[in-house]
Structures are given as structure tokens and as C-alpha cells.
Amino acid sequence: MLLYILLNIKKEQMNEIINSDIAFLRVLGFNDKGKTYINKIKKNVTIYTNIKDSINQILDIELKVSRLLDIVYNDNLINKEQKGPIIKNNKMA
């Protein structure tokens with residue numbers, strides 16, 4: 001309840017999110033197998049690697065949570081996330 005108040009999330013907003021289909025994918029990182037999967041689904045799903053305000057209700061909440069975590073941990077999480085997805089190579093050295 002405290003997070004709802006702190007992040008100014010309304011019950012109606014959460015009900016709308018819960019009852020809606022999620023038509024996007026938020027990519028934080030991927031490897032070669034993930035890249036293949038993303039390329040396969042990108043025609044049917046909106047893919048976000050960087051987010052900003054007012055794209056989507058769910059992503060707006062995610063931004064609020066990231067900003068709160070930045071304050072709590074003083075970790076600059078939002079800037080790290082906005083650099084783009086982490087691409088990990090599967091090849092062994």
C-alpha cells in the first residue's frame with residue numbers, strides 16, 4: 001500500500017493494467033539465442049530497449065520504481081538502463 005501511495009498509483013490504473021493484454025517486450029539484455037528470438041517476434045510485438053515517460057502505463061510505473069530505487073540505492077539505475085540492452089556473446093574464448 002505504501003508503494004501505491006509513494007508512486008501515486010491508483011487502484012483504477014492497476015485494474016486497467018491487470019485486465020489488459022501486454023503488447024510489448026522490455027529488453028534489458030540478451031545473448032545470441034535471445035537475439036534470434038527477438039528478431040522472430042519483432043513483427044508482432046513492440047520492443048523497447050530504452051523507455052521514457054508517457055509511452056505506456058506499465059512502463060510509466062516501471063520508470064517511477066526505477067527512480068525510487070535510484071534514490072534509495074543512489075545507484076544511477078535509470079542511466080544504466082537507458083544505455084541500451086546488454087548484449088552477451090555466447091562464444092567461449
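**View 1. Glu62 and its partner Arg26.** Glu62 has 26% relative accessibility, so it counts as partly exposed (between the cut-offs for buried, under 20% relative accessible area, and exposed, over 50%, with a 1.4 Å probe and protein chains only). Its side chain meets that of Arg26 in a salt bridge, at 2.2 Å from N to O (the term means a side-chain nitrogen of Lys or Arg within 4 Å of a carboxyl oxygen of Asp or Glu). Glu62 sits in helix H4 and Arg26 in strand S1 (residues 24–26), so the pair ties together parts that are 36 residues apart in sequence. Helices (H or I, at least four residues) and strands (E, at least two) are DSSP runs, numbered from the N terminus. Arg26, at 15% relative accessibility, counts as buried. Search the whole structure and you find one salt bridge.

This is a predicted model, where local features need pLDDT of at least 70 and side-chain atom pairs count only at pLDDT 80 or more, while totals for chains, interfaces and linings use all residues. Residues are numbered from 1 along each chain as its sequence is written, and side-chain values use heavy atoms, leaving out hydrogens and water.

**View 2. Asp70, buried with no salt bridge.** Here we're still in helix H4, which covers residues 57–73. For Asp70, the nearest side chain of opposite charge is Arg67, 7.0 Å away (Lys and Arg count as positive, Asp and Glu as negative; His and the chain ends aren't counted). Skipping neighbours within four places in sequence, Asp70 is in contact with Asp75, Asn76, Leu77 and Ile78 (contact means heavy atoms within 4.5 Å).
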